[in-house]
Protein chains: 2
Amino acid sequence: MPRFPQFAHRTQLLQGSVFEKYRSRMQAQGERLVRLHIGDTYLQPVYPLPIDPAFRKVHPVFNRYCNTYGITRLRKALAQKLQEDNQLPVTENHILATNGATNALSIAVHGLVNPGEGVLTLTPSWPFFMGMVKMAGGEVTELPFYDRLQAGEIASITEYLEQALQPNTVALYLNTPNNPSGVVLTEHQLAEIAAFARRHHLWVISDEAYDGLTFDDHRHISIAAMDKMFDQTISVFTFSKIFMFAGLRLGYLAATPPVVTELNKVLVHQLYSPSTLAEYMMLEPLTTRHQWMPEVQRHYQKLRDLMVDALQFTVPVPAGTYFLFFSLKPFLGKRTYDAVFEQLLQEGVSVAPGSDFGQHYRDFIRICFTGEPPERLRIAAERINRVLLQS
Amino acid sequence: MPRFPQFAHRTQLLQGSVFEKYRSRMQAQGERLVRLHIGDTYLQPVYPLPIDPAFRKVHPVFNRYCNTYGITRLRKALAQKLQEDNQLPVTENHILATNGATNALSIAVHGLVNPGEGVLTLTPSWPFFMGMVKMAGGEVTELPFYDRLQAGEIASITEYLEQALQPNTVALYLNTPNNPSGVVLTEHQLAEIAAFARRHHLWVISDEAYDGLTFDDHRHISIAAMDKMFDQTISVFTFSKIFMFAGLRLGYLAATPPVVTELNKVLVHQLYSPSTLAEYMMLEPLTTRHQWMPEVQRHYQKLRDLMVDALQFTVPVPAGTYFLFFSLKPFLGKRTYDAVFEQLLQEGVSVAPGSDFGQHYRDFIRICFTGEPPERLRIAAERINRVLLQS
């Protein structure tokens, strides 16, 4: 029952904007139209706001309800970014602003997956994605992938994916650069995955939250840029990582206009729209990204190198993301995983347990090397060495 | 199958924070703990931000991921507000910050309603709510209520609700002050509804988005403040209406701690958290509300009076909200509803079609009297008079 280009049944139950059919006539009236159809206020907030007056002068209406697809200026700037940096064939009509990548993934799952349908999930995987599939009534098939690819254990990606396909699979969840393994898929690897998705008419939910966060000569490639893949891919991005603004909760997705229309219906029923203020705030950092981003990338690479060097044992070196991800098995000795995990906490280091990232990773831990400054990372590495190498 | 205090099955499939069980030990370590468990960055954004430097000094970390329940200072301030203004027996542990009231209602529906279960929806009703129930696989039973109550057509609320109860009803959707009718339920009316909900163990989803927006001597009462109702009620509020900040997308709900915990699981799977910046920004207007809110209320009441007076026909006078809501039937003559709706648009006035608010309201229109300044409202009223009274 694979079914690109069909949507989940639930989207047929939802209405989009009832004003869509009047939009052109309303626009034609311009300033003459007195707008009484939306529950809105013409008042500006009467209490003080901690916003730069110059910014408010340029963007005076960020306090009103906005277009639920996102403000046009942001969608245009994002289309240009995706053309330039990701080689995606997009205009503003291919963009939907969302409340972070989390929200983009949630609406993609709810818009594409019916109860009882399956999502082939390459693991290790960001944990909330699997929860979203379950929340929509779908089934997750976990396929250990990124770390095995890195270890050279997958001889043929094609055969490996084919044997994992289930009769109910309708979508594939892909995440490169991968959280937690730090693996960045190559063009050749993505081409094999793309051919598999095309052959079986699978929707591809491409989580690219760590876009812009690759090291050395690794380069992030969007699968939607590959031959004939754009139509069946939902490409998901965020301002929470390389833009350093997790607290704003702004992300976006790129897809064909029919997909954007269906997913917008899900979005308005989850939260109406993301923050208008956030959308205006990200315009400048987006358009000036070539000025500030390289320095941030170099800085994160230095943090990665610091952490890898400070650990007195060998770990897989991440090609991108914020993370180191490795098995504790070689370090356990007579201790249990839980005992070591607790010992780390006792020593003063909190790490993420591998079980969060899939059933095949219960022996692993994930370490974030960007959440603390260098001097604190060094302290953490010493503590980790002490706990892991004591056995 | 009514089932307060049970949750929808889907919440059992979802994980909350895996770190919850380590929280106390992590807190015990204080500053000593090096936090490598979250995918976060210690860097402040390196590009300019349009935020007041004084505000950034006080709230330096609004760019990081935050507690998904909401920042503690906001939850405490909200608890105090709900105690003082709504007589709710709450502490910060009863509060969940959300991405607007829309998001609060969406997670309430997904956390409480299983596929095939029913929600008794008093209408006319805000349209997206019915879509949310459908999205969760639930069934909506529409019961025309607020306008009939206002017209004196409901002799006994108790009997009227009892005859509408379905075998699959598990929740009741209540919205006072009511969008679109402007009806504000009285204590006596709410007591009858509360008794009905208690008798049948129904969850009550109480949409109080227009809290603070009542006129004359009408007073908004939260049903959760009534005898034994707090445990089975989810009370939903927003910063989009009387706080005039729809573009920030911040709302909140109040419920028992077990409900808050279950709904937080749904929330993190829809969008992770609302904006930290928005949460910090609303602290001051929340605590200073007694200074600025009365003037705003008076101003809206003047706008209501202006609109009611300027229309050359009688409409039900709203006791609260932003809206007038009335049937076009008396004005149609030989014209169809659609023809009159189009004529209004042609004359330069956009209104909301009644069919959005329930199947019993296809002859109605909703007019918002707060989205445009007074001089524009007068122009709109003239145009409406011209179109409706020409027949």
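How many Å separate the centres of domain 1 of chain A and domain 2 of chain A, taken over C-alpha atoms? In this predicted model, the separation of those two centres is 28 Å.

**The two domains of chain A.** Select residues 9–287 of chain A for domain 1, then residues 289–388 for domain 2. Where they touch, 26 residues come from domain 1 of chain A and 21 residues from domain 2 of chain A. On the domain 1 side of this contact, colour β4 (139–144) and α11 (283–287) of chain A, each of which supplies at least two residues. By residue class, the domain 1 side comprises 13 nonpolar, 11 polar and 2 charged residues.

Because 13 of the 13 residues of α4(A) are buried, the helix is largely enclosed by the rest of the structure.

**The interface between the chains.** Now display chains A and B together; 86 residues of chain A are in contact with 86 residues of chain B. On the chain A side, select helix α5 (residues 127–135), which gives the most to that side, with 5 residues. The chain A side as a whole divides into 49 nonpolar, 24 polar and 13 charged residues.

Finally, select strand β10 (residues 349–350) of chain A together with strand β1 (residues 34–35) of chain B. These two strands pair in the parallel sense over 2 bridges. To locate one bridge partner, centre on Val349(A), whose partner in β1(B) is Val34(B).

Note on methods. Residues numbered from 1 in each chain as written. Chains lettered and ligands numbered in written order. Predicted model: local features only at pLDDT ≥ 70, side-chain atom pairs only at ≥ 80, totals over all residues. Contact = placed C-beta atoms within 7 Å. Helix = DSSP H or I, 4+ residues; strand = E, 2+ residues; numbered from the N terminus. Nonpolar A, V, L, I, M, F, W, Y, C, P; charged D, E, K, R; others polar. Pairing = 2+ DSSP bridges. Buried ≥ 20, exposed ≤ 12 C-beta atoms within 10 Å, placed from the backbone. Domains from an automatic or database assignment.
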